[in-house]
Amino acid sequence: MSSKTLGYIIKRLFLAVLTVWVVITVTFFATRMIPGGPFIGEKATSPAAQAALEAKYGLDKPVFEQYVTYLKGVVFDFDFGPSLKQRGRMVIDIIGDGMKISAKLGVIAACSAAVVGIVLGSIAALRRNKIIDKVIMVVTTACVSMPTFIMGSLMLILFSLKLGWLPANGDSQGGLILPIISLALYPMAYITRLTRSSMLDVLGQDYIRTARAKGVPRLKIIFGHALKNSLIPVITYFGPMLAYIVTGSLVVEKIFAVPGIGRAFVNSITGRDYTLVMGTTIVLAVLIVVMNLISDILYKVVDPRINLE
């Protein structure tokens, strides 16, 4: 590893830590500024009981003191604290349970989207302006244009309620098939379009023409030169996409009743569960900055000509 690459990685790590700190700070104070609280509205809870609960969880202290205490716990002990609504459970345990489902759901959806998208994009580029290219473009345009919750709802109605082929509940056996397809459709369509446009650009480069003139086999040109060099935009998109999907799509998990981190995040917002909101937000932020860093490093692997600065 060169000194430039190492310096770049160190700089990016510093910026990643700074980004996560900003996310923690903004989210912490934003949740405290919203009117209401986690214990307001609970049945049979008197003002005295609410005050006792706030004292138990340290919510009666000044906001800045709460912030410093929370930041110390996260940085030094990786402790997100207890859930304010799910009594007796720690936030890290709730996130861990949700991630077991969301990670499996997200990784399968992301990898499926990448593989199918790259294949379809390559076919569309190699068969430019042919019937198959036009069909692929029409289908991908529809998938990109249609919101995920609409696509998920339509598949739920068709394959679960009408045809009865697949279960509608994410807890059931085979219940993750429809959520995976719902999550994969949009990124698959986007990757298809990215791959097609990038490969068309690469196929028009001088070194591709030179390789053809020298009699290099067509398959070697496609897989050894064109496809490899056209994957850089896909890598750029894949990192953040994987982080987003792994943390769970809020809408998809709600539609299919998937017990993932997305559903826990929605419930934490509606219930003003400050610690769970903070924990899930931090996990999302860390995943995004890490995947962005990995994507940047992979640039160098795919194309050694790229200089990381």
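**View 1. Helix 6 (residues 148-162) packs with helix 7 (residues 177-203) in this predicted model.** The angle is about 145° and the axes are 9 Å apart; axes are lines fitted to C-alpha atoms over the stretch in contact, with angles from 0 to 180 degrees between N-to-C directions. Helices are DSSP runs (H or I, at least four residues), numbered from the N terminus. Thr148, Met151, Gly152, Met155, Leu156, Phe159 and Ser160 of helix 6 meet Leu178, Ile181, Ser182 and Leu185 of helix 7, where contact means heavy atoms within 4.5 Å.

**View 2. Helix 4 (residues 91-126) crosses helix 5 (residues 131-145) at roughly 135°.** Their axes come within 8 Å. Leu120, Ile123 and Ala124 of helix 4 touch Ile132, Asp133, Ile136 and Met137 of helix 5.

**View 3. Phe28 and Tyr70 form a tilted aromatic pair.** Ring centres are 5.9 Å apart and the planes lie at 40°; rings of Phe, Tyr and Trp (its six-membered ring) pair if their centres lie within 6.5 Å, and planes under 30 degrees apart are stacked, over 60 edge-to-face, the rest tilted. Phe28 is in helix 1 (residues 3-33) and Tyr70 in helix 3 (residues 63-77), 42 residues apart. Both residues are buried (under 20% relative accessible area, 1.4 Å probe, protein chains only).

**Notes.** Residues are numbered from 1 along each chain as its sequence is written, and side-chain values use heavy atoms, without hydrogens and water. In this predicted model, local features need pLDDT of at least 70 and side-chain atom pairs count only at pLDDT 80 or more, while totals for chains, interfaces and linings use all residues.

Definitions and conventions. Helices (H or I, at least four residues) and strands (E, at least two) are DSSP runs, numbered from the N terminus. Buried means under 20% relative accessible area, exposed over 50%, partly exposed in between (1.4 Å probe, protein chains only).
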